[in-house]
Amino acid sequence: MLDLFDDKVVSVDYNRDQGFLTGLGIDTADKKKNGDEAKTGKYTGGKGGDYEIVGSQATQGAEDGGRTAMETLLSKNPNINVVYTINEPAAAGAYEALKSAGKEKDVLVVSIDGGCAGVNNVKSGVIGATAQQYPVKMAELGVKAIVEIAKTGKKPANSEGLDFFNTGVALVTDKAADGVTSITTAEASQMCWGK
Amino acid sequence: MTQQQTAGPPTGVADLAEEFLDRQTPLSRIRNILHRYPALSPAIVLLVSVIVFGLLNDRFLRVENLSLITQQVAVVGTLAIAQTLIILTAGIDLSVGAVMILSSMVVAQLAVNNGVPAPLALLAGLLVGLGAGALNGFLVTRFRLPPFIVTLGTLNIFIALTLLYSNGATVRGSAMPGMLTWTGSTFLLGPVRISTGVVLMLLLYIAVAFILGKTAWGRHVYAVGDDKEAARLAGIAVNRVLMSVYLAAGAVLAVGAWIQIGRTNAASPNTGVDLNLDSITAVVIGGTSLFGGRGSIWGTLLGALIVGVFRNGLSLAGLDVLYQTLAVGILIILAVSIDQWIRKVKS
């Protein structure tokens, strides 16, 4: 688990980390605390099976931190097969560490954000899959909601079944897995941010 | 000291008595030795921590892991050279990381977006480093501003320039000419994998150790840091020495930029956020005094390695990342306390 910070605790850090684990069907214990989940056990996502979490490291969300974090975890256990990364620069750094250890072909790196640079990295195989978000749409809907509140006083309702308003997210990969909805990098680069 | 003072009572007796007492306790003998060799205490800390972490996790002492630690400290170790030079003059540089990143962005963008040949792009990076050093040095010597304030200001200036220049975009290593990422290449020396960046860093340490120890300029740096006024009275052109130190630091930072590009295989304005302070951490743990005039460049290398060993060792031992930060904090306090204790020695 390549997380964000080692000098502050922020919601984006634990929400992404714990969201990834929840998706795999791993109990995260305290939802607002990274790294307190059981290190070994059974996951229920997909076909299910046994898992082992080698460790959680901070990356500062950047290439250099991503590389150092990945190197350290590989030192701890060279048989890592899946790497969660907080964002795409950290993923790119992790890839450099994997390449240097000759493991870039055997390890799946997943990430979050879907910026254009990140989508390019999915295309070139650095990142296996990334969850794309849409900041322009968030801003658009946010301003609309403010206008609505100012005019009518009506607050936006949470999306059905969620405790927040869902502005949408799509999984970007060129190697679609059965039973998982995803879009290709070609589609994703049409709507990525930071062109 | 005049002869009268040492020979005549009562000071002479007191001095003799103290010297006599000093010889009696093993503790003060240790202190004398540590005082004479400033790199000795960080060397002991490094040795002990390597042994302890080796006992905690048997993977720690593997050659591959130790080689990784050297690669992980290459950038901060290089920046810490520049930081040591400045701290030896009783200054401090909060902008080292920002200068390094600005330099790396200029090198990468010139080479990739403007088609400048790699050697010329690296030369431009060196000029950025020298220019930044010149700005810091100019403000410190001409306006007589404290280095802390100057570099706090230029830190923000360099960060802003980096983002304005790069537009926040990362330049990927795959688009760069091979020479720029050469510092990230590795070779085998027996069973040990060594990166070119680490070799470059070590060469810089050897060069700076030689210059500080064996040249008049090196003596002047220590003299200016120890007591500016005394140095001036001894005929040292204090401002010229200070300016040259900031320029030298800028040049070192440009090399650091090259090493950073190789290590991350990219030039990114997001990297190195902690490097400004991490370089100071390495210098302090390495036993160099923040009051200037005392310290050793080899201590700094040991300091950088100690931090690298702690972060790696604590991770392998399975400690949460927040505790790693805690450990580094305790390490700093311990290092400075030991330094204070050693400095109490009678010279």
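A crossing of two helices is termed left-handed if the near helix is turned anticlockwise from the far one by less than a right angle, and right-handed if it is turned clockwise. The structure is a predicted model, in which local features need pLDDT of at least 70 and side-chain atom pairs count only at pLDDT 80 or more, whereas totals for chains, interfaces and linings use all residues. Residues are numbered from 1 along each chain as its sequence is written, chains are lettered from A and ligands numbered from 1 in the order in which they are written, and side-chain values use heavy atoms, with hydrogens and water left out.

In chain A, the crossing of α2(A) and α3(A) is right-handed. The axes of helix α2 (residues 63–76) and helix α3 (residues 88–100) of chain A come within 6 Å and cross at roughly 45 degrees. Axes here are lines fitted to C-alpha atoms, for helices over the stretch in contact, and angles run from 0 to 180 degrees between N-to-C directions. Helices (H or I, at least four residues) and strands (E, at least two) are DSSP runs, numbered from the N terminus. The two helices α2(A) and α3(A) are therefore oblique to each other (angles under 35 degrees count as roughly parallel, over 145 as roughly antiparallel, 65 to 115 as roughly perpendicular and the rest as oblique). On the α2(A) side the contact (heavy atoms within 4.5 Å) is made by residues including A:Glu63, A:Arg67, A:Met70 and A:Leu74, and on the α3(A) side by residues including A:Pro89, A:Ala90, A:Gly93 and A:Ala97. The residues of this contact divide into eight nonpolar, three polar and four charged; Ala, Val, Leu, Ile, Met, Phe, Trp, Tyr, Cys and Pro count as nonpolar, Asp, Glu, Lys and Arg as charged, and the others, Gly among them, as polar.

Elsewhere in chain A, A:Leu21 is found in helix α1 (residues 11–24). At 1% relative accessibility A:Leu21 counts as buried (buried means under 20% relative accessible area, exposed over 50%, partly exposed in between, with a 1.4 Å probe and protein chains only). Leaving aside neighbours within four places in sequence, A:Leu21 is in contact with A:Met1, A:Ile26, A:Thr28, A:Glu37 and A:Ile53.

Chain B has 16 helices and four strands. Of its 347 residues, 50% count as buried, and its C-alpha trace spans about 75 × 55 × 35 Å along the principal axes. Residues 24 or more positions apart account for 75% of the chain B contacts with a separation of 6 or more.

The axes of helix α11 (residues 216–226) of chain B and α13(B) come within 10 Å and cross at roughly 110 degrees; α11(B) and α13(B) are therefore roughly perpendicular to each other. In this pair, B:Trp217, B:His220, B:Val221 and B:Val224 of α11(B) meet residues of α13(B) including B:Val238, B:Leu242 and B:Ala248. The contact comprises eight nonpolar, two polar and no charged residues.

Most residues other than glycine have a negative phi. In B:Asn265, however, phi is positive, at about 50 degrees. This residue is found in the loop between α13 (238–264) and β4 (266–267) of chain B, and B:Asn265 counts as buried at 17% relative accessibility. Phi of B:Arg144 is also positive, near 55 degrees. B:Arg144 is found in the loop between α7 (118–142) and α8 (147–166) of chain B and is exposed, with a relative accessible area of 65%.
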